[in-house]
Amino acid sequence: MMTGKVVLLGVTGGIAAYKAVELVRLFVKGGAEVHVLMTESAQQFVTPLTFQTLSRNPVHTGLFNLIEEQEIGHISLADRADLVVIAPATANIVGKIAHGIADDLLTTTVMATRAPVLIAPAMNSNMYRNPIYRENEDRLRKYGYLFVDPVTGMLACGWEGEGKFQDPSIIYQEALCALSVKDLQGERVLVTAGPTQEELDPVRYLSNHSSGKMGYAIARAARRRGAEVVLVTGPVALAPPSGVTTIKVVSAAQMREASLREFADATVVVKAAAVADYRPEVRAASKIKKKGAALTLALKQNPDILAEMGKNKGDRIIVGFAAETAGLQENALSKLRAKNLDMIVANDVTREGAGFSVDTNIVTILSRDGNVVDFPVMEKELLADIILDRVVVLRDQGRGCDSE
Ligand code: PMT
C-alpha cells in the first residue's frame, strides 16, 4: 500500500519530534520513499543524522541550501510527493500554513504541493484549545488539509490534557487512508472479528484461538477505502481501529444482537468472527466444583448469525469465512450455499501461516458464480484488500443477488 509512494515528512520543533523517528521507520517498512524536512527548531530536539540514517535519504533543512536546491529543490520535492505528513506539528506551523506564510523549506513545500497534507499536532493543552489555534485548524480543514487529532495524556510541560502526540502507528494508518482510492465511499460495511466466549460459570468459558487480526485488517482496509465501517468484535487484545465504530461483545448471543442490529443499515457484510457453535446449556451461578474423575457438559447450539443474515440478504453483498481442518472446498461451498452468501473465504486452519492468531493467511475464495481462486500465503492486511477488491467488482456488477 505504501510501496513506491513518495512521502515527505515535515518535522517541527516539539518534544514529540523524537517520536517522528518511529514514523519514518513505519513508512520505510511499508515500502515508501521517505524524505524528511526539518525546521530549525526541530533540529534542537533530534539531529538530522537520525532521520537520514532511518530514511536512507538526505534530510532537508534549509530553503537556500545550494546543493539541495541543485539536486532536488523544494519545488521538485513538492511535485514528487504523493503525501506530505507534518508530525509533530506545532501551533506555529499550523498558524503559518493557515495564513499562507512560506518562509522556510517546509512551509514553502506545503504551499507548492498538490499532494494531500496530513497534520499531526502536538502541543500544550492550553495552546491546543486556544481559539486562535482552533480557528487556524478549522481554516485548514476547510481547505482539505487532513488532521490526526492528538490524544489526552501527560504532556512534556507537566500538564495533563489534550495535545499529546498521537501514536505513530495511528498516524501511519491515517497516512495509508489518505493515499487510498476511495472506491468504497458510500458503502456501510459491517465486519465481525475475534472469538466469542461462552461462560460455563463465573470463572470459565468455552472459546477458540481467534485473535481478531483477520477481521480488524478488513475493518481498517474498508475504512481506508472510504466506507463507513462498524466492527463487532469478540474479546481480543487489539486496539480499536481509528475511524471505525467498534462494538465490543463477549458471547455469541451478544454478537448476534449487535450484528443483526447493525445489519439493518449495512450494504456490505464481512463475517470473519469465529462464533462458538455451542454454548453451555446452563451457566452455573457459582464455580463448578471438582467432583469425580470426569465431568460431562451439556451444550446447546447457538443460532447461526450468518445464516440469519443470508435469509434477509436483500441486495447486500455478504462475505463469509470458513475455518476448516479437512475438505476445504466442499465444506466452504456448502456453507456458501446454505447461508446464501456472495463469496466465502476458506482457510485450512491446520496449515502453517494460515488461520488463527498468525499475521498471515492462506485462503481459497469461492464465489456464488462458481469461481474458485487459490491464493498463496500473504499478510492478512493484503488479503483484506483482495477481499474488498472482489466486493467492489460485485458491487459494480450490480450488487449481491438475493438467491441463486
Ligand atoms: O482472528 P484471527 O486470529 O485472525 O483468525 C482468523 C480466522 C481463522 C478466525 C478467520 O480467518 C476465519 O476463518 N473466520 C471464521 C471462523 C469460523 O467460525 O468459521 P466457521 O466455518 O465455523 O463459520 C462459517 C461462517 O459462519 C463464518 O463466517 C462465521 O463467522 C459464521 N458463523 C458461524 C457460526 C455461528 N453461530 N454464526 C456465524 O455467523
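Analyst: N57 sits in the loop between α3 (48–55) and α4 (66–71). Helices (H or I, at least four residues) and strands (E, at least two) are DSSP runs, numbered from the N terminus. This is a predicted model: local features need pLDDT of at least 70, side-chain atom pairs count only at pLDDT 80 or more, and totals for chains, interfaces and linings use all residues. Residues are numbered from 1 along each chain as its sequence is written, and side-chain values use heavy atoms, with hydrogens and water left out.

User: Why is N57 called buried?

Analyst: Buried means under 20% relative accessible area, exposed over 50%, partly exposed in between (1.4 Å probe, protein chains only). N57 has 19%, so N57 is buried. N57 touches E33, V34, H35 and Q52, not counting residues up to four places away in sequence. Contact here means heavy atoms within 4.5 Å.

User: What makes R56 exposed?

Analyst: The relative accessible area of R56 is 67%, so R56 counts as exposed. R56 is also in the loop between α3 and α4. Its phi is positive, about 60°, although R56 is not a glycine.

User: Why is S357 called partly exposed?

Analyst: S357 has a relative accessible area of 37%, so S357 is partly exposed. S357 lies in the loop between β17 (343–348) and β18 (360–361). S357 has a positive phi too, about 70°, and is not a glycine. Most residues other than glycine have a negative phi, and most peptide bonds are trans.

User: Which peptide bond is cis?

Analyst: The bond that joins A87 and P88, with omega about -5°. P88 is in strand β3 (residues 83–89).

User: Where do the domain bounds come from?

Analyst: They come from an automatic or database domain assignment. That assignment gives domain 1 (6–179) and domain 2 (188–396). Their C-alpha centres lie 38 Å apart.

User: How do you know that R223 and E174 form a salt bridge?

Analyst: A salt bridge is a side-chain nitrogen of Lys or Arg within 4 Å of a carboxyl oxygen of Asp or Glu. The closest N and O atoms of R223 and E174 are 2.7 Å apart, so the pair qualifies. Between domain 1 and domain 2 the count is 1 salt bridge.

User: How much area do domain 1 and domain 2 bury between them?

Analyst: About 450 Å², with 49% of it on carbon and sulfur atoms. Buried area is the accessible area (1.4 Å probe) that two parts lose on being put together, summed over both. In domain 1, Q173, E174 and C177 lose the most area to domain 2, together 78% of what that side buries.
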